[in-house]
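Biologist: I would like to go through the terms used for this model and see what each one rests on. Please set the values against the cut-offs as we go.

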Protein chains: 2
Amino acid sequence: MAAQAMTTDAPARKQAPAPLNGVDTPALFATIDVVKNQPQLGAFQFRATGEWLGGTRSRTTMSEFSGAGGEHSHKAAYTANADHPTVLCGADSAPAPVEYVLHALAACITAGIGNIAAARGIALKSVSSAVEGDIDLRGILGLSPEVRNGFGAVRISFDVKGDAPDEKLQEIVRQACARSAVLDVLTNGIPVSIKT
Amino acid sequence: MAAQAMTTDAPARKQAPAPLNGVDTPALFATIDVVKNQPQLGAFQFRATGEWLGGTRSRTTMSEFSGAGGEHSHKAAYTANADHPTVLCGADSAPAPVEYVLHALAACITAGIGNIAAARGIALKSVSSAVEGDIDLRGILGLSPEVRNGFGAVRISFDVKGDAPDEKLQEIVRQACARSAVLDVLTNGIPVSIKT
């Protein structure tokens, strides 16, 4: 979930552009209209359940969620495994939890780029991204109270190719960032309540 | 990556406890000692590269990272796909980016629980978690400047079974949260720089 089509800096359209970039643009514009007229349908809840597999390994299942006034199931009960690398005493059987944070960020903004380009009638050829996060393990190892547990900094870059000048393609990336759910979560933080 | 063994409230140990819970506890304690003596080895960088697959679909590859004074490769070039659900005009071919945020949180704390229980000599039987995040789509749809793009709130709960009283098991969860990289990222935010 990331940036969507309706942007404050785009001219109002009487009619949605045709499907493009694999995006059903008319359906996207219709969704925006529906939530505009019935804001309560915009309330979504995503869920996941986790299971420890031993050591630092775990599996998460993402199956059900609610929104648009009802309950939904994914086409399949999707799962994702995680583990620590061997250098951090794990079995390296899957990506590390912090790597999934980088994945979520890249995926969210990339989806937004696809949607926004379609809404603006710009055909994309390719979108690639590279993301990196610096982390000082003295935090999670409890070795320094001045070092935080998480990333100290994250950098992400995009290379977008499509039927528009570079400036227009870059503006699509900027708008995708301006409407990205994951970028907002990472930069601004969210309240997390924990029940032990 | 999540909480680790050395906790400020645990008594100092002359000798690491034996391997337990699938955790090589002596190796874990040795790692902590190494970083304690050579703090520069604690500097890690995790990386991911993303590729747009059309529509709201993308694939992320997590392969290389650096830390402990060198470059590392995962046992395999791990990939993860993401997509939007159909109700949000995606193809629902994979979990949504925001669901991976929930996965990362559950996986990080769960790995910490495994490590900390082993460090404290407590055998675990099972760890399960449930996490949910509320999101108002009026944010990413650009329909209300007062609504944020990301989760308004996230809640996570744990059910831990093991050879210790409930109070000790709950204390392990609390310590795992206190040393979780992903929980820190989500609650406190991180600086993200973007290159378009």
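Modeller: Over all chains, the structure holds 19 salt bridges. This is a predicted model, in which local features need pLDDT of at least 70 and side-chain atom pairs count only at pLDDT 80 or more, while totals for chains, interfaces and linings use all residues. Residues are numbered from 1 along each chain as its sequence is written, chains are lettered from A and ligands numbered from 1 in the order in which they are written, and side-chain values use heavy atoms, with hydrogens and water left out.

Biologist: Why is the contact of A:Arg148 and B:Asp184 called a salt bridge?

Modeller: A salt bridge is a side-chain nitrogen of Lys or Arg within 4 Å of a carboxyl oxygen of Asp or Glu. For A:Arg148 and B:Asp184 the N to O distance is 2.8 Å, so the pair meets the definition. The pair crosses between chains, from the loop between S4 and S5 of chain A to helix H4 (residues 181-188) of chain B.

Biologist: Is B:Asp184 buried or exposed, and how do you know?

Modeller: Buried means under 20% relative accessible area, exposed over 50%, and partly exposed in between (1.4 Å probe, protein chains only). B:Asp184 has 8%, so B:Asp184 is buried. A:Arg148 has 28% and therefore counts as partly exposed.

Biologist: What makes A:Glu171 and A:Arg174 a salt bridge?

Modeller: Their side chains meet at 3.4 Å, N to O, and the limit is 4 Å, so the pair qualifies. Both residues lie in helix H3 of chain A, 3 residues apart, about one turn of the helix. Helices (H or I, at least four residues) and strands (E, at least two) are DSSP runs, numbered from the N terminus. A:Glu171 is at 22% and so counts as partly exposed; A:Arg174, at 36%, is partly exposed.

Biologist: Which residue forms a salt bridge with B:Arg174?

Modeller: B:Glu167 does, with the closest N and O atoms 2.8 Å apart. Salt bridges that share partners join B:Arg120, B:Glu167, B:Glu171 and B:Arg174 into one network. B:Glu167 has 48%, so it counts as partly exposed.

Biologist: Why are strand S3 (70-82) and strand S6 (192-195) of chain B called edge strands?

Modeller: Two strands pair if DSSP finds at least two bridges between them. S3 and S6 of chain B each pair on one side only. The open sheet has 6 strands in the order S3(B)-S2(B)-S1(B)-S4(A)-S5(A)-S6(B), with mixed pairing.

Biologist: How do you know that S1 and S2 of chain B pair?

Modeller: 7 bridges join them, and they run antiparallel. At least two bridges are required, so S1 and S2 of chain B pair.
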